Amino acid sequence: MKPSGRKGLSFAFDLIPIGLEYIAAYIKDTVEDVHIIDMEMEHRKFQDLINLYCPDLVGISLSATEHNQGLRLAKIAKKNGVTTVIGGYHPTSVPDLMLSCPQIDMVVRGEGELTMRELVEKGTPENVPGASYKKGGKIIHNEDRPRIENLDILPFPARRLRQYSYKSQDRTTDCDVIMMSRGCNGLCSFCCEPSMSHGCLRCRSPENVMKEILETTEYHERRPLSVVFADPNFMGNPNRVNRLCDLLMEHDLNIEFCAMVRADAMAKSPEIVKKMCGAGIIKFEMGIESPNSKDLKSTKKGITTRVHGEAVRNIRENGGRAGGTFVIGLPDQTAEEIKAFPTYAKEIGLTAAAFGIATPFPGTEFYDELDKQGLIFETNWDNFDEMHSVYKTKHLSKENIEEMATYCMAKFWNMDTFIDQEMVFQKRTRRKKALVGFIRERTFNVGFLANNGNELQKDNFGQHIKAFLEAWVDPHVEAYTREVGVHEALEMTRFLRILGPQKVQCSLSLDDATVSFVFKTTKKTVEYIRVIRGRQDDSTMNLEVDLKWLSEPDHSNLIERLAFLFSHNLSIKRLWNTFRLLVAIGTEILAWNLRKAHPQK
Ligand code: B12
Ligand code: SF4
C-alpha cells in the first residue's frame with residue numbers, strides 16, 4: 001500500500017510506488033496473490049479492499065509525510081486481524097517509533113525485496129536480517145541485511161500489477177519510473193541517502209536497464225512517455241550512463257527522460273551530457289542548494305559554486321532543461337541571503353528551480369544536530385514536506401521562512417524564465433513552440449502553484465498570493481523580453497497578424513493588491529512584456545483575473561468569471577480589440593488541433 005497525500009513535487013505529476021512494484025515482483029511466485037494499492041489514485045475505501053482481497057499481510061511504504069496516513073491504514077488492517085509490515089526511508093530511520101504503535105507488527109529496514117520474501121516464506125520475522133519486530137512487549141532489531149550488490153538479479157518492477165494510469169503534469173502523457181542505480185556516494189547532511197545506502201552506489205548494467213526500458217514502452221503500448229530515472233545520483237557511474245545512451249540511440253523511442261544528477265558530474269563530463277540530451281535524457285534536477293560556500297560546506301554537499309555555472313552551461317548548450325533545487329532556511333541563513341537565491345538561479349542560467357525548506361529527516365546528520373539542541377518544534381509529520389518550517393533558526397521565524405519560499409518561487413518563475421526555457425528548447429528541436437502549447441503549459445503551472453499553495457498555507461493562502469504578486473514585479477522581465485523577443489521564442493506569426501498593434505494588459509488582483517502584465521505587440525513582434533504594480537492607463541484592452549478563484553476550484557460560476565475577465569473593455573474600440581484577440585486565439589487553437597490530428601502536415 002502507498003498512503004494518500006500529495007506533497008511538493010508530486011503535485012506536478014503522479015508518484016509511482018516503484019519500491020512496492022520491486023517487492024511485488026520479487027515475492028510474486030511465493031505468494032498466492034499480491035496487489036499494489038495506491039491510495040492517492042484509489043477510489044475505493046481501504047475497508048472495502050480488505051473485504052475484497054482478504055489479505056494475510058498488509059505492507060505499507062512510508063516517507064515522513066506519509067507517517068500519519070500510513071498509521072491510519074495500518075490501524076484499519078489491524079482491526080481486521082491482518083498482520084502489518086512497513087518499509088521505506090522513514091521507517092528505516094525510526095523503527096522504534098513505528099513499532100511503538102500497536103498497529104505496526106514489523107518494520108523492514110533498508111532494501112525490501114529479500115527481507116520481504118524471507119518474511120513471507122518463513123511466516124515469522126525471527127532471525128530475518130533487516131527486520132525489526134515486537135516480542136513479549138520488547139522491540140527486537142535483527143542484524144542489518146547486506147545491500148544487494150548486483151542489482152541485475154532483481155526482476156523488473158511488477159508494472160503489470162498496476163491498477164492505475166499514472167500521468168505526467170499535462171495529464172495526457174503516460175509517465176513511468178526506472179532506476180538505473182541505488183544509493184549515492186554523497187554525504188549531504190540533510191539527505192537520508194547516507195544512512196540508507198551508507199555512501200555506497202550500485203549500478204545496473206546498461207543492457208539490463210535498456211531491456212526494462214523496452215519492456216516499459218511495450219507496457220505503455222508505445223505511446224509517448226515521460227520517464228523519471230529515480231536514482232538519487234544518476235551520474236554516479238558516468239561510464240554506464242554513456243553506454244546506456246549508446247543503447248538508447250539504437251532505438252527510435254518516443255520517451256522524454258528526467259534524471260537527478262550532481263552538478264559536479266555534469267560539469268566534469270560535457271561529452272556525456274551532450275550524449276544524454278541526444279538520447280532523450282533532457283531534463284535534469286541538480287541539488288544546487290545555495291550560492292553561498294558556507295551553506296555548501298555546512299551541508300557537506302562536497303561541491304563548490306564554480307561547478308554550478310559549468311554544469312548548467314553544459315546542459316543548456318545541448319538544449320536540455322537545467323533544473324536546480326535550493327535549500328532555504330538553514331540554521332544561520334538570513335532573509336537577505338535567501339532573497340538572493342532566485343537571482344542566482346537566473347544568473348547561472350537554470351531553466352527550472354525549486355526552493356525547498358530545510359527539513360531535518362530522522363536518520364540524517366542534520367536531524368541529530370537539531371534534535372540534540374532541542375530546536376525541532378514541529379510534531380506533525382505531515383509538515384515534514386520541505387514546504388513548512390519545522391525547527392527554530394537563528395534569524396528567521398517560521399512565517400518568515402515560509403514566506404521566503406513563496407518569494408523565491410515567484411521571483412524565479414516569471415515570464416523571462418518561461419521564455420528562456422523556450423529559447424533553450426529551440427536549440428534541441430530547431431523549432432519554435434506553438435503559442436497554444438505554451439499557454440497550455442502555463443495553465444498547468446498555475447494549477448501546480450494553486451494546489452501547492454493551498455496545501456502549503458491553507459489558512460494563509462491570501463498572504464502568500466500577495467507575496468507572490470509582490471515578487472513578480474521585476475524590471476528584468478521587460479529588459480529580457482525586449483532583448484530576446486518573445487516572437488523569436490514562440491510561433492505566433494498568424495496570431496500577431498490578427499491581433500495587430502496592441503497593449504494587452506492582464507491584471508491579477510487579490511483584495512487591494514494588483515499586478516499587471518502588459519504585452520506590447522506589433523503586427524509582427526512582441527516588443528516587450530512589462531510587469532507592474534497596479535495598472536497602466538494606456539492599454540488597448542484589459543483582462544481581469546481575481547485570484548480568489550485559485551482557492552475556489554469550483555467552476556460552476558464559469559460564466560460569471562468569464563464576464564469579469566472582459567469586464568473592463570466596454571468601449572467600442574476595446575470590444576473590437578477583444579474580438580480580435582478572441583479570433584486570434586481561436587485560430588491558434590484550431591490550427592493546434594488540426595496539427596495534432598494530422599501531425600505529418
Ligand atoms: C525518486 C525520488 C522522488 C521522486 C519520486 C518518483 C516516483 N516514484 O514517482 C520525486 C522527485 C517525485 C520525489 C518527490 C518527493 N520526495 Co523524493 N526521493 C526520491 C529518491 C531520490 C529515490 C526514491 C526511490 O524511488 N527509491 C527507489 C525505490 C526502489 O526505493 P524505495 O521506494 O525506498 O523502496 C525500497 C525500500 O525503501 C523498501 N521499501 C519501501 N517501501 C516499502 C514497504 C514495505 C512493506 C517493505 C517491506 C519495504 C519497503 O524496499 C524498496 C525496494 O528495495 C529519494 C532518495 C534521495 N536520496 O533523494 C527521495 C526521497 C524519498 N524523497 C524525499 C522527499 C522529502 C520528497 C518530497 C516531499 C520532496 C518535495 N518537497 O517535493 C516529495 C514527496 C512527494 C510525496 N510523497 O507526495 C525524501 C523522503 C524523506 C523521508 N524520510 O521521508 C527522500 C529520502 C530524499 C531525502 N530528503 O533524503 N522524490
Ligand atoms: S548528492 Fe543528493 S542523493 Fe547524494 S547524499 Fe547528497 S543530496 Fe543525497
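A residue counts as near a molecule or strand if one of its heavy atoms lies within 4 Å of it. By that rule, the residues around ligand 2 are Cys184, Gly186, Cys188, Phe190, Cys191, Glu193, Pro232, Arg262 and Lys301. For sorting them, Ala, Val, Leu, Ile, Met, Phe, Trp, Tyr, Cys and Pro count as nonpolar, Asp, Glu, Lys and Arg as charged, and the others, Gly among them, as polar. The shell around ligand 2 then divides into five nonpolar residues, one polar and three charged.

Some conventions. This is a predicted model, in which local features need pLDDT of at least 70 and side-chain atom pairs count only at pLDDT 80 or more, while totals for chains, interfaces and linings use all residues. Residues are numbered from 1 along each chain as its sequence is written, chains are lettered from A and ligands numbered from 1 in the order in which they are written, and side-chain values use heavy atoms, with hydrogens and water left out.

Next, salt bridges. A salt bridge here is a side-chain nitrogen of Lys or Arg within 4 Å of a carboxyl oxygen of Asp or Glu. The structure holds 49 of these salt bridges. In one of them arginine 202 pairs with glutamate 111, with the closest N and O atoms 3.0 Å apart. That pair links distant parts of the chain, 91 residues apart: arginine 202 is in strand E8 (residues 202–203), and glutamate 111 is in the loop between strand E3 (106–108) and helix H6 (113–122). Helices (H or I, at least four residues) and strands (E, at least two) are DSSP runs, numbered from the N terminus. Both arginine 202 and glutamate 111 are buried. Buried means under 20% relative accessible area, exposed over 50%, and partly exposed in between, using a 1.4 Å probe and protein chains only.

Lysine 503 and aspartate 538 also form a salt bridge, 2.5 Å from N to O. Lysine 503 lies in strand E16 (residues 502–510) and aspartate 538 in the loop between strand E18 (526–533) and strand E19 (541–546), so the bridge ties together parts 35 residues apart in sequence. How accessible is lysine 503? Its relative accessibility is 15%, so lysine 503 counts as buried. Aspartate 538, at 42% relative accessible area, is partly exposed.

Now the cores. A nonpolar core is a set of buried Ala, Val, Leu, Ile, Met, Phe, Trp, Tyr and Cys residues joined through side-chain atoms within 4.5 Å. The largest one has 101 residues, of which Met276, Met286 and Leu350 touch the most other members. Helix H16 (residues 398–412) gives the most to this core, with seven residues. Another core, of 34 residues, lies apart from it and has Met39, Ile60, Ile86 and Cys175 among its members.

Last, helix H11 (residues 270–278). Which of its residues are buried? They are Ile272, Val273, Met276 and Cys277. Seen down the axis of H11, these fall within an arc of 140 degrees (taken from the directions from the helix axis to the C-beta atoms), so they line one face of the helix. On the other side of H11, Glu271 and Gly278 are exposed. After H11 comes glycine 280, with a positive phi near 100 degrees.
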